[in-house]
Amino acid sequence: AGGWVGGSVGRSGGAGGSGQGGGAGGREVAADGGGSGRAVAAGGAADEAAEPRLPNAMERAQLLRIQSRLKRCLTPAFCLDYDGTLAPIVTNPAAARLPDGVAALLQQLSDRHPTAIVSGRAVEKLQAWVDVPGVYYAGSHGFEIRGPNGSQLNYTVAAQLLPEVRRALEVLHAKLAPIPGVQIEDNKFVASVHTRNVSAADLPAVDAVVNGLLEEQPLLTRTAGIHVIEVRPQIHWHKGKAMGWLIKCMCEMLGLPSGADSRKATAMPIFIGDDVSDEDAFAELRGGRGIPIVVRAEAPLRRSTAAELWLRDPQQVAEFLAMFLNS
């Protein structure tokens with residue numbers, strides 16, 4: 001890992017700080033005609049403010065800690081969410097694209113270290129939007145995995161349930177069409193119902209449609225993310241499982257030890273994501289098995305996530321990844 005910490009901390013080390021001044025101050029207090037409600041809310045806010053929060057990954061102490069952990073293995077292996085991590089969240093989900101320079105950064109990163117995009121988006125979309133030859137892709141929350149261009153890696157989970165997802169998309173399009181603001185996205189193995197532009201008054205109607213669909217199609221299940229409801233195959237497979245399988249494949253393709261025990265000294269997973277679905281991957285990396293990093297606008301409470309570190313936004317994610325170009 002060389003001396004990559006020293007030359008970069010000055011740019012961003014203070015950007016996130018420790019986040020101790022986080023989001024306790026914006027809380028509303030119910031009007032009860034007296035001071036008791038305000039006092040209780042203020043007390044709760046004070047308690048939350050006193051709770052430990054995650055340290056920012058760009059703090060010097062954390063960079064040194066990461067560097068020390070990476071000395072125990074041959075290479076870091078990056079698994080990165082797309083929306084809200086590499087690309088900013090946008091009102092129209094179909095318009096989410098990488099900021100200028102990020103594709104070039106991913107190209108340089110994948111030239112040096114195994115790098116994968118792990119997202120709820122369909123693999124074909126990720127390949128078109130990222131368009132970096134050396135990157136691995138795990139789309140539809142890991143239900144479909146593709147290797148770098150030219151490789152033979154092509155793995156699909158629950159292919160037999162794809163017709164069920166197709167039928168679900170048809171039902172969702174038909175029944176949700178009258179609700180303003182709903183956007184339905186076909187992510188192949190996942191039907192994504194985007195609710196960012198749906199009014200609060202209409203959200204129960206969206207829930208009712210999805211729940212009714214699942215009563216008719218018990219082989220599917222629903223998961224929730226940030227302003228999105230997703231319908232997908234009901235099997236025990238998620239981003240955490242996909243990440244583990246990806247690390248194994250990465251080691252094999254590099255000709256490195258890939259067994260469950262031996263690859264711990266081969267590739268150290270660094271997973272960065274911002275959504276609820278990323279928590280499965282964070283949980284897989286707890287206890288020194290990797291470096292889980294959540295993306296949040298402010299430092300999250302330790303108890304609110306399985307991640308161990310945080311980054312502020314896609315720009316800070318790019319700054320963090322750029323530090324590994326000299327390692």
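Q: Let's start with Glu124. Is it buried, exposed or partly exposed?
A: Glu124 counts as partly exposed, because its relative accessibility is 35%. Keep in mind that this is a predicted model.

Q: Okay! Which residue does Glu124 form a salt bridge with?
A: With Lys188, and the closest N and O atoms of the pair are 3.5 Å apart. Glu124 belongs to helix α5, while Lys188 sits in the loop between β6 (183–186) and β7 (191–194), so the bridge ties together parts that are 64 residues apart in sequence.

Q: Which residue meets Lys188 in a salt bridge at 3.0 Å?
A: That's Glu144, with the distance taken from N to O. Glu144 lies in strand β4, so its pairing with the β6–β7 loop ties together parts 44 residues apart in sequence.

Q: How accessible is Glu144?
A: Glu144 has a relative accessible area of 3%, so it is buried.

Q: How many salt bridges does the structure hold?
A: There are 17. One of them joins the side chains of Arg121 and Asp83, at 2.8 Å from N to O.

Q: Where in the chain are those two?
A: Arg121 is in the loop between β2 and α5 (123–130), and Asp83 is in the loop between β1 and α4 (102–112). The pair links distant parts of the chain, 38 residues apart.

Q: Are Arg121 and Asp83 buried or exposed?
A: Arg121 is buried, with a relative accessible area of 4%. Asp83 is buried too, at 17%; the cut-off for buried is under 20%.

Q: New topic: what is the strand order in the open sheet?
A: The eight strands run β5-β4-β3-β2-β1-β10-β11-β12, with mixed pairing. At the edges are β5 (154–156) and β12 (309–311), each pairing on one side only. Neighbouring strands are turned by 20° against each other on average, direction ignored.

Q: In which sense do β1 and β10 pair?
A: In the parallel sense, over six bridges between β1 (residues 75–80) and β10 (residues 267–273). For example, Phe78 has Ile270 in β10 as its bridge partner.

Q: Last one: which strands does helix α10 lie across?
A: Helix α10 (residues 314–322) lies across β1, β10, β11 (291–295) and β12, and runs at about 165° to β10. There's also helix α8 (residues 239–253), which lies across several strands, including β1, β5 and β10, and runs at about 140° to β10.

Terms used
Residues are numbered from 1 along each chain as its sequence is written. This is a predicted model: local features need pLDDT of at least 70, side-chain atom pairs count only at pLDDT 80 or more; totals for chains, interfaces and linings use all residues. Side-chain values use heavy atoms; hydrogens and water are left out. Two strands pair if DSSP finds at least two bridges between them. Helices (H or I, at least four residues) and strands (E, at least two) are DSSP runs, numbered from the N terminus. Axes are lines fitted to C-alpha atoms, for helices over the stretch in contact, and angles run from 0 to 180 degrees between N-to-C directions. Contact means heavy atoms within 4.5 Å. A salt bridge is a side-chain nitrogen of Lys or Arg within 4 Å of a carboxyl oxygen of Asp or Glu. Buried means under 20% relative accessible area, exposed over 50%, partly exposed in between (1.4 Å probe, protein chains only).
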